[in-house]
Amino acid sequence: MLSYIKKVEDMSLNAWPSHQIQIYDGWLLRFSYFYTHRTNSVEQIGTSTIPLDEKISFCENIYRHWGTPCIFKISPLIDPAFDQKLASMGYRIAHPTETKTMNLSQFVPSDLSVRVNLDREISWNWLDALFSFKGTTSMIHRRIVPTMYAAIPKDTVAASITQDNRIVAIGLGILDRDHIGLYAIHVDPSYRRRHYGHAICQSILMEGIRQGATRAYLQVVPDNVSAKNLYRNLGFEDCYNYWFRLKNVR
């Protein structure tokens, strides 16, 4: 099981590059002006040789210089003693996340009542819709986020639904090895309850199958009940959870 979790964690790193990355003794220090926890945190990917207290202090100094909280990602791959150490140092749990996976051989598509547009490239119109759905107004984020999406090193499937001459739903599929990951699933609030989210996800999964994917994965926060219901109806099952440990160091 841990080997599969490592595979999904590696694919999620590929899927969501940070604006800047430093490598430090088997740790990745990721920085993206605090756009998301994932892209602005420390991830452990290799063996450590430097004492933990020294490494944690180094990370805190780096994130202090960057002007953001110091954040560590905690997954089942991380020694529980490290999580406990951070807790004893005043790091609080933030942004718990559920990872769900699916065997695509068991996926049963339904008839779609709406046309879903699929593109290999992530267009400016798609990005503008993303910013609108997320309420992104920070000029720094609006400048760097397109470069982060452009830096994705894997094939992508940018899905969208257009109604009334504007994009009202989006989603992104990212192909890696035999998997397709689902990211950035958003529906305009005024167009919800029309099964647009289901149509977006199903279209991405079907395109993934067409391109050779045999499994799918995604991440969702526990309190997003509507999204979790959608993913369960599609056939996704619980795989593992992760969370972040955060402390303000400014």
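**Pockets, salt bridges and buried residues in a predicted model**

Leaving aside neighbours within four places in sequence, Arg245 is in contact (heavy atoms within 4.5 Å) with Cys70, Ile71, Phe72, Ile74, Asp83, Leu86, Ala87, Tyr91, Arg92 and Ile93. Good morning, colleagues. The structure under discussion is a predicted model, in which local features need pLDDT of at least 70 and side-chain atom pairs count only at pLDDT 80 or more, while totals for chains, interfaces and linings use all residues. Residues are numbered from 1 along each chain as its sequence is written, and side-chain values use heavy atoms, with hydrogens and water left out.

Let me stay with Arg245. This residue belongs to strand 11, residues 237–247. Helices (H or I, at least four residues) and strands (E, at least two) are DSSP runs, numbered from the N terminus. Is Arg245 buried or exposed? Its relative accessible area is 11%, so Arg245 is buried. Here buried means under 20% relative accessible area, exposed means over 50%, and partly exposed lies in between, with a 1.4 Å probe and protein chains only. A polar atom of the Arg245 side chain lies 3.0 Å from the backbone oxygen of Tyr91.

I turn next to the salt bridges. The term refers to a side-chain nitrogen of Lys or Arg within 4 Å of a carboxyl oxygen of Asp or Glu. In general, side chains of opposite charge can pair when their charged atoms come close. How many salt bridges does the structure hold? The structure holds 15.

Asp238 forms a salt bridge with Lys100, and the closest N and O atoms are 2.3 Å apart. Because Asp238 lies in strand 11 and Lys100 in strand 5, this pair ties together parts that are 138 residues apart in sequence. The two partners are placed as follows: Asp238 is exposed, with a relative accessible area of 62%, whereas Lys100 counts as buried at 6%. Lys100 also forms a salt bridge with Glu98, with 3.1 Å between the closest N and O atoms. Glu98 is buried, as is Lys100. Which residues make up the network of salt bridges that includes Lys100? Glu98, Lys100, Lys228 and Asp238 are linked in it.

A further salt bridge joins the side chains of Arg166 and Asp188, at 3.0 Å from N to O. Arg166 is in strand 8 and Asp188 is in the loop between strand 9 and helix 6, so the pair ties together parts that are 22 residues apart in sequence. Arg166 is partly exposed, at 38%, and Asp188 is buried, at 10%.

Val221 sits in the loop between strand 10 and helix 7 and counts as partly exposed, at 23% relative accessibility.

Now the pockets. On a 1 Å grid over the protein atoms alone, a pocket is an open set of points where a 1.4 Å probe fits, with protein on both sides within 12 Å along at least five of seven lines, and lining residues have an atom within 4 Å of a point. A volume is the space filled by probe spheres set on the points.

The largest pocket holds about 1,400 Å³ of space. Its lining consists of 39 residues, and Ile185, His186, Asn224, Ala227 and Tyr231 lie nearest its centre. Among the elements that give two or more residues to this lining are strand 5, strand 8, strand 9 and helix 7. By class, the lining has 21 nonpolar, 13 polar and five charged residues. Ala, Val, Leu, Ile, Met, Phe, Trp, Tyr, Cys and Pro count as nonpolar, Asp, Glu, Lys and Arg as charged, and the others, Gly among them, as polar.

The second largest pocket has a volume of about 210 Å³.

In helix 4, Trp126, Leu127, Ala129, Leu130, Phe131 and Phe133 are buried. The cover over these residues includes helix 5, strand 7, strand 8 and strand 9. Just after helix 4, Gly135 takes a positive phi of about 65°. Thank you for your attention.

How values were computed:
A polar contact is a pair of N or O atoms within 3.5 Å; within protein, one must be able to donate a hydrogen and the other to accept it, and residues adjacent in sequence count only if both atoms are side-chain atoms.
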